[in-house]
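Hi there,

Here is the structure I promised to pass on to you. Have a look at it first, and then read my notes below.

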Amino acid sequence: MNSCKNMIIICLSTYNGIQFLQEQLSSLEDQDYNHSDFLLLCRDDGSDDESYEFLRQFTLNSSLQVKLLTDCNNMGVKKSFELLMNTALDMGGEYILFCDQDDIWKKDKIEKTILKMKEMENQYPNLPILVHSDLAVVDEDMNLLNNSFWKYQNIDPQKSSLHNFIVDNNITGCTAMLNSHLARLIQNIPKEAIMHDWWIAMVASTFGQIGYINEPLILYRQHARNDTGAKKYGWRYGYNQFLKKPSLMKYITQAKVFLEQYRSHLTSDHIEILDAISRLDQMNWFEKRKVLIKYKIFKNGFIRNLGLMVFA
């Protein structure tokens, strides 16, 4: 299949995911949304297990429209999703969803996400738009841990400006839908990006609009091999983060590269913020906190912000 104009394309990247892959794929086949109106685009990132062969068989036998990329070089999660996103654009996809290998989508995920996207596009025509949702947190055996990932992690989805994404990210990639206007702006996710969804959130907040659905549309499985995962917010969480003595360097580096990549398209206000963050490593203790407070560079929740102010 060479073209799927006006179609939704789901981008699935796998890596040693055979244990949970069947359940995720079954949840895609169970979607209420018309199967002829979306396509599953898959890529395996050099697995040592049978993930690629499983995807190959699924491509042949599924009721869904499926395309499997044959390039299986290990690129890492950021570059794998970048390749899938750009391939989806080349195929003419208008809306792109990211899909992890170990979760389960509720039957109405696509339907509710595209409805929110259309609502946002009617409100903000021709703008880059990202739509995301809450998640239900479950354990490896699908037992419910919390019906709201946002509450579990003390995340505020209403925070959607660039300064909100400098040191924190409230968007979980596996819930996100991008319109093609946004995907074309991204194209290259640099190695300095903390994660692909974080970088995409920064682009969306800077140049477009972010909408959210205040209900869980995914069962977010927690297990030993989660790439990021969900940690319950609270004082124990804060203590564990305190022991790690977090550094600002990853935020500074990401801000520097974002400024370099998009400088010619940024407003003077955005340049001012990013330039200030890019120079934090050259500032003394007092100057750093002055910049963070001036530009409202905060994380979600008191405990996280306490850590930020202690270790900045």
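The structure holds 12 salt bridges, a salt bridge being a side-chain nitrogen of Lys or Arg within 4 Å of a carboxyl oxygen of Asp or Glu. Before the details, a word on the source: this is a predicted model, where local features need pLDDT of at least 70 and side-chain atom pairs count only at pLDDT 80 or more, while totals for chains, interfaces and linings use all residues. Residues are numbered from 1 along each chain as its sequence is written, and side-chain values use heavy atoms, with hydrogens and water left out.

As background, side chains of opposite charge can pair when their charged atoms come close.

Let's begin with Arg43. For Arg43 the relative accessible area is 0%.

The salt bridge from Asp71 to Arg43 has its closest N and O atoms 3.8 Å apart. Asp71 sits in the loop between strand 3 (65–68) and helix 3 (77–90), and Arg43 in strand 2, so this pair ties together parts that are 28 residues apart in sequence. (Helices, H or I with at least four residues, and strands, E with at least two, are DSSP runs numbered from the N terminus.) Asp71 is partly exposed, at 29% relative accessible area.

Another pair is Glu119 and Lys116, whose closest N and O atoms are 3.2 Å apart. They are 3 residues apart in helix 4 (residues 109–123), so about one helical turn separates them. Glu119 is partly exposed at 43% relative accessibility, whereas Lys116 is buried at 18%.

Now for helix 1 (residues 18–29). Its 12 residues reach 17 Å from the first C-alpha to the last, close to the 16 Å expected at 1.5 Å a residue (1.5 Å times one less than the number of residues). Buried in this helix are Phe20, Leu21, Gln24, Leu25, Ser27 and Leu28. Seen down the axis, the buried residues of helix 1 fall within an arc of 155°, so they line one face of the helix; the arc is that of the directions from the helix axis to the C-beta atoms.

Enjoy exploring!

Notes:
Buried means under 20% relative accessible area, exposed over 50%, partly exposed in between (1.4 Å probe, protein chains only).
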